[in-house]
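Please look over the model shown here before reading on, and keep the sequence at hand so that each residue can be found as it is named.

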Amino acid sequence: MHFINSNNAKLDYIINLHKKNTETLGFIPYPTLKKLIENDQVFIENEGGDNAGYIVVGSGKRNNILRIYQACVEQDLRRLTFGKKLFKKVINFGNKNNCNSILLRCRENLQSNLFWQALGCKFLYLEPKKTKRTKKGVNTWQYNLHFKT
């Protein structure tokens, strides 16, 4: 997989990476994902000409809170710096759009929770309602943008 810059290539990449990680990711409808890409609300990280992962965010306009809708890094590139680089792009987007914080949800049984904690996100609460598909609750995390970086 090579570095991509067209909207269609971004969409194809995200769909393909989502398929590889469907058990751990939520679902974003195709038309919604396409619109988010067109609105520059999708960040893709690459390494040496290859794609490393992506983060999809909201607009940050609702209550000045930027929501991360979905984040995924290629399996063999996890535990390196790619997720951190993607999150830095999200922080910059949030600051640029005058957001106060970043909010995200992550299923309680995923290793991703350790990643969000390591980035300085604060655990807010566990939503104990279990999904039909996974039978797990969902953690809500917040990263405050009061101290602009």
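In this predicted model, the lining of the largest pocket is made up, by class, of 23 nonpolar, nine polar and nine charged residues. The pocket itself has a volume of about 1,300 Å³, and among the 41 residues that line it, those closest to its centre are A71, C106, L110, S112 and W116. Several helices and strands each give two or more residues to this lining, including helix 3 (82–96), helix 4 (112–118) and strand 4 (101–107). The largest share, however, comes from strand 3, which supplies seven residues.

| Helix | Residues in the contact |
|---|---|
| Helix 1 | N7, K10, L11, I14 and I15 |
| Helix 2 | Y30, L33, K34, I37 and E38 |

Sorted by class, the residues of this contact between helix 1 and helix 2 comprise six nonpolar, one polar and three charged.

Finally, consider R133, which lies in the loop between strand 5 and strand 6. Which residues does R133 touch, if those up to four places away in sequence are not counted? They are T22, E23, L25 and R107. As for E23, its C-alpha atom is separated by 9.2 Å from that of R133, although the two residues are 110 residues apart along the chain.

Notes:
Residues numbered from 1 in each chain as written. Predicted model: local features only at pLDDT ≥ 70, side-chain atom pairs only at ≥ 80, totals over all residues. Heavy atoms only, no water. 1 Å grid on protein atoms, 1.4 Å probe; cavity = no way out; pocket = protein on both sides within 12 Å on 5 of 7 lines; lining within 4 Å. Points joined across faces, edges and corners; volume = space filled by probe spheres on them. Helix = DSSP H or I, 4+ residues; strand = E, 2+ residues; numbered from the N terminus. Nonpolar A, V, L, I, M, F, W, Y, C, P; charged D, E, K, R; others polar. Contact = heavy atoms within 4.5 Å.
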